[in-house]
Amino acid sequence: MKKTTHNPTPWLQGFGLNHAVEVSGGQRTLYLSGQTASDAEGAPMHPGDFVAQYKAAWQCLLDALNSAGMDATNIVRLNFYVTDVAAFMEVAEQVMPIHGEAGAEIVSTLLGVKELYHPDIMVEIEATAVA
(Lines give C-alpha, C1' and ligand atoms only; values in the text may rest on other atoms or scores of the structure.)
Protein backbone atom coordinates (compact mmCIF):
# COMPACT_ATOMS: atom_id res chain seq x y z
CA MET A 1 0.00 0.00 0.00
CA LYS A 2 1.23 3.49 -0.85
CA LYS A 3 -0.08 6.71 0.73
CA THR A 4 0.43 10.13 -0.85
CA THR A 5 -0.60 13.29 0.94
CA HIS A 6 -1.91 16.35 -0.88
CA ASN A 7 -1.75 19.79 0.74
CA PRO A 8 -2.54 22.73 -1.56
CA THR A 9 -2.24 25.02 1.49
CA PRO A 10 -0.07 24.31 4.56
CA TRP A 11 -2.29 25.37 7.46
CA LEU A 12 -3.72 21.92 8.30
CA GLN A 13 -0.24 20.43 8.57
CA GLY A 14 0.29 22.53 11.69
CA PHE A 15 -2.31 20.26 13.32
CA GLY A 16 -0.78 17.07 11.90
CA LEU A 17 -3.55 16.86 9.29
CA ASN A 18 -3.69 16.79 5.50
CA HIS A 19 -6.16 18.10 2.96
CA ALA A 20 -6.17 14.69 1.26
CA VAL A 21 -4.55 11.27 1.55
CA GLU A 22 -4.44 9.17 -1.59
CA VAL A 23 -4.15 5.40 -1.12
CA SER A 24 -3.07 3.03 -3.87
CA GLY A 25 -2.44 -0.68 -3.67
CA GLY A 26 -4.55 -1.21 -0.54
CA GLN A 27 -6.19 -4.61 -0.14
CA ARG A 28 -8.32 -4.14 2.98
CA THR A 29 -10.35 -1.20 4.30
CA LEU A 30 -11.42 -1.09 7.95
CA TYR A 31 -14.21 1.24 9.06
CA LEU A 32 -14.05 1.80 12.81
CA SER A 33 -16.98 2.87 14.95
CA GLY A 34 -16.55 5.92 17.11
CA GLN A 35 -14.33 5.20 20.10
CA THR A 36 -14.76 6.93 23.44
CA ALA A 37 -13.18 6.96 26.89
CA SER A 38 -15.19 3.95 28.04
CA ASP A 39 -14.15 0.96 30.10
CA ALA A 40 -14.78 -2.66 29.06
CA GLU A 41 -18.40 -2.42 30.27
CA GLY A 42 -19.04 0.89 28.46
CA ALA A 43 -18.88 3.09 31.55
CA PRO A 44 -17.42 6.58 30.96
CA MET A 45 -13.90 7.26 32.19
CA HIS A 46 -12.24 10.57 33.16
CA PRO A 47 -15.33 12.81 33.50
CA GLY A 48 -14.42 16.46 32.94
CA ASP A 49 -10.86 15.71 31.71
CA PHE A 50 -10.83 16.31 27.95
CA VAL A 51 -7.18 15.29 27.43
CA ALA A 52 -7.53 12.06 29.43
CA GLN A 53 -10.74 11.21 27.56
CA TYR A 54 -9.06 11.85 24.24
CA LYS A 55 -6.08 9.64 25.11
CA ALA A 56 -8.37 6.86 26.34
CA ALA A 57 -10.50 7.02 23.18
CA TRP A 58 -7.31 6.93 21.07
CA GLN A 59 -6.16 3.82 22.95
CA CYS A 60 -9.53 2.14 22.34
CA LEU A 61 -9.13 2.94 18.65
CA LEU A 62 -5.61 1.44 18.62
CA ASP A 63 -6.94 -1.69 20.34
CA ALA A 64 -9.64 -2.06 17.67
CA LEU A 65 -7.03 -1.61 14.93
CA ASN A 66 -4.80 -4.20 16.55
CA SER A 67 -7.65 -6.71 16.60
CA ALA A 68 -7.73 -6.39 12.79
CA GLY A 69 -3.95 -6.75 12.45
CA MET A 70 -3.45 -3.02 11.83
CA ASP A 71 -1.89 -0.08 13.66
CA ALA A 72 -1.90 3.71 13.50
CA THR A 73 0.12 3.73 10.27
CA ASN A 74 -2.94 2.25 8.54
CA ILE A 75 -5.24 5.13 9.53
CA VAL A 76 -6.15 7.51 6.71
CA ARG A 77 -9.15 9.33 8.21
CA LEU A 78 -10.16 10.41 11.71
CA ASN A 79 -13.41 12.18 12.51
CA PHE A 80 -13.71 13.90 15.87
CA TYR A 81 -17.10 14.40 17.50
CA VAL A 82 -16.90 16.76 20.47
CA THR A 83 -19.48 18.27 22.77
CA ASP A 84 -17.46 21.49 23.08
CA VAL A 85 -15.42 22.66 20.07
CA ALA A 86 -13.81 25.52 22.03
CA ALA A 87 -12.64 23.09 24.73
CA PHE A 88 -11.20 20.81 22.03
CA MET A 89 -9.31 23.69 20.43
CA GLU A 90 -7.88 24.64 23.84
CA VAL A 91 -6.25 21.19 24.17
CA ALA A 92 -5.57 20.53 20.47
CA GLU A 93 -1.83 21.15 20.88
CA GLN A 94 -1.75 18.42 23.53
CA VAL A 95 -3.74 15.78 21.66
CA MET A 96 -3.22 16.27 17.93
CA PRO A 97 0.49 15.28 17.91
CA ILE A 98 -0.50 11.82 19.19
CA HIS A 99 -1.51 10.67 15.71
CA GLY A 100 1.66 11.74 13.92
CA GLU A 101 3.85 10.33 16.70
CA ALA A 102 2.13 6.98 16.11
CA GLY A 103 2.78 7.20 12.35
CA ALA A 104 -0.70 8.14 11.14
CA GLU A 105 -1.07 10.36 8.07
CA ILE A 106 -4.66 11.51 8.19
CA VAL A 107 -7.43 13.67 6.92
CA SER A 108 -10.00 14.73 9.44
CA THR A 109 -13.30 16.38 10.23
CA LEU A 110 -14.10 18.07 13.55
CA LEU A 111 -17.80 18.11 14.40
CA GLY A 112 -19.43 19.79 17.36
CA VAL A 113 -22.39 17.80 18.64
CA LYS A 114 -24.97 18.48 21.34
CA GLU A 115 -24.24 15.25 23.21
CA LEU A 116 -22.72 11.79 22.89
CA TYR A 117 -23.97 8.50 24.34
CA HIS A 118 -23.42 9.59 27.96
CA PRO A 119 -23.37 13.10 29.50
CA ASP A 120 -19.81 12.55 30.82
CA ILE A 121 -18.39 11.67 27.38
CA MET A 122 -16.91 14.73 25.63
CA VAL A 123 -15.12 13.21 22.61
CA GLU A 124 -15.62 10.35 20.17
CA ILE A 125 -13.04 9.39 17.51
CA GLU A 126 -14.10 7.56 14.34
CA ALA A 127 -11.56 6.16 11.88
CA THR A 128 -10.98 4.57 8.50
CA ALA A 129 -7.85 2.46 8.00
CA VAL A 130 -6.39 0.77 4.93
CA ALA A 131 -3.91 -2.08 4.64
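Guide: Contact here means heavy atoms within 4.5 Å. Helices (H or I, at least four residues) and strands (E, at least two) are DSSP runs, numbered from the N terminus. Axes are lines fitted to C-alpha atoms, for helices over the stretch in contact, and angles run from 0 to 180 degrees between N-to-C directions. This is a predicted model, in which local features need pLDDT of at least 70, side-chain atom pairs count only at pLDDT 80 or more, and totals for chains, interfaces and linings use all residues. Residues are numbered from 1 along each chain as its sequence is written, and side-chain values use heavy atoms, with hydrogens and water left out.

Visitor: Across which strands does helix α1 lie?

Guide: Helix α1 (residues 50–67) lies across β3, β4 (75–82) and β6, and runs at about 30° to β6. Helix α2 (residues 85–95) also packs on the sheet, where it touches β4 and β5.

Visitor: What makes β3 and β6 (residues 123–130) paired strands?

Guide: Two strands pair if DSSP finds at least two bridges between them. Five bridges join β3 to β6, so the pair qualifies, and the two run antiparallel. Within β6, Ile 125 is the bridge partner of Gln 35.

Visitor: Why is Asn 79 called buried?

Guide: Buried means under 20% relative accessible area, exposed over 50%, and partly exposed in between (1.4 Å probe, protein chains only). Asn 79 has 10% relative accessibility, and therefore counts as buried. This residue is found in strand β4. Leaving aside neighbours within four places in sequence, its contacts include Ser 108, Thr 109 and Ile 125.
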